[in-house]
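Here is a friendly walk through one protein model, meant to be read alongside its coordinates. Please have your viewer ready.

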Amino acid sequence: HEEGVLHSQQITAVTFDPHWQHVLTCSRDNTLKLVDLRTYRSLTTFEDDDFRVPFNWSRACFSPDGKFVACGAASGAVYVWNRDSGAVEHVLKAHEAPVASVAWDPHGQSLVSCAKDRTIAIWE
């Protein structure tokens, strides 16, 4: 990649971490990146061989404590990665259709996902 280019395809979402020090990008190149706002450098890449970003509007999020990132996949799974190591912590499966968006509750006890087939799942 040329300098300053984070992803090889379109970015579908950008969100701040809870401490306003990093942003999380989600891209159609099937990766998410943690970017340090002080240096503008990518610190961690979140990916998996089976993970595919399903939509041009797919959304990812941080957990409220900032320790995890989550994103829905084309397979209907929800991937949860460790923010620091980039390792997949969980692959949650409930949806039959691609997952468009995920969100954690403010206390970090539940994660909600919504899929293209108009279903939601609540993960505790």
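The report below covers strands, hairpins, cysteines and a surface patch.

## About the model

This is a predicted model, in which local features need pLDDT of at least 70 and side-chain atom pairs count only at pLDDT 80 or more, while totals for chains, interfaces and linings use all residues. Residues are numbered from 1 along each chain as its sequence is written, and side-chain values use heavy atoms, with hydrogens and water left out.

## Strand E3 and its partners

Let us begin with strand E3, residues 32–36. Strands here are DSSP runs of E with at least two residues, numbered from the N terminus, and two strands pair if DSSP finds at least two bridges between them. Strand E2 (residues 22–27) runs antiparallel to E3 and is joined to it by five bridges; Thr-25 has Lys-33 as its bridge partner in E3. Four bridges link E3 to strand E4 (residues 42–46), again antiparallel. Here Leu-34 is partnered by Thr-44 of E4, and Val-35 by Ser-42.

The hairpin of E3 and E4 has five residues between the strands, with Tyr-40 at a positive phi near 60 degrees.

How many residues of E3 are buried? Five of the five are, so the strand is largely enclosed by the rest of the structure. Buried means under 20% relative accessible area, exposed over 50%, and partly exposed in between (1.4 Å probe, protein chains only). Leu-32, Leu-34 and Asp-36 are buried on one side of E3, and Lys-33 and Val-35 are buried on the other, which leaves both faces covered.

## The four-stranded sheet

Further along, four strands make an open sheet in the order E5-E6-E7-E8, with antiparallel pairing. Strand E5 (60–62) and strand E8 (88–93) each have a single partner strand and stand at the edges, so one side of each lacks a neighbour in the sheet. On average, neighbouring strands of this sheet are turned by 15 degrees against each other, direction ignored; the axes are lines fitted to C-alpha atoms, and angles run from 0 to 180 degrees between N-to-C directions.

Strand E7 (residues 77–82) is joined to E8 by five bridges, and the two run antiparallel. Trp-81 stands opposite Val-88 in E8.

## Cysteines

The structure holds zero disulfides, a disulfide being a pair of cysteine sulfur atoms within 2.5 Å. For Cys-61, the nearest cysteine sulfur is that of Cys-71, 8.4 Å away. For Cys-71, the nearest is that of Cys-26, 3.8 Å away. Cys-61 counts as buried at 10% relative accessibility, and Cys-71 also counts as buried, at 0%.

## A nonpolar surface patch

Finally, Val-112, Ile-120 and Ile-122 form a nonpolar patch on the surface, with about 280 Å² of accessible area together. Accessible areas come from the Shrake-Rupley method with a 1.4 Å probe, and for residues only the protein chains shown count as cover. Like charges are joined within 9 Å, and nonpolar side chains (Val, Leu, Ile, Met, Phe, Trp, Tyr) within 5 Å. Val-112 lies in strand E10 (residues 111–115) and is partly exposed, with a relative accessible area of 33%.

Notes
Patch = residues over 30% accessible without salt bridge, like charges linked within 9 Å, V, L, I, M, F, W, Y side chains within 5 Å. Salt bridge = Lys/Arg side-chain N within 4 Å of Asp/Glu carboxyl O.
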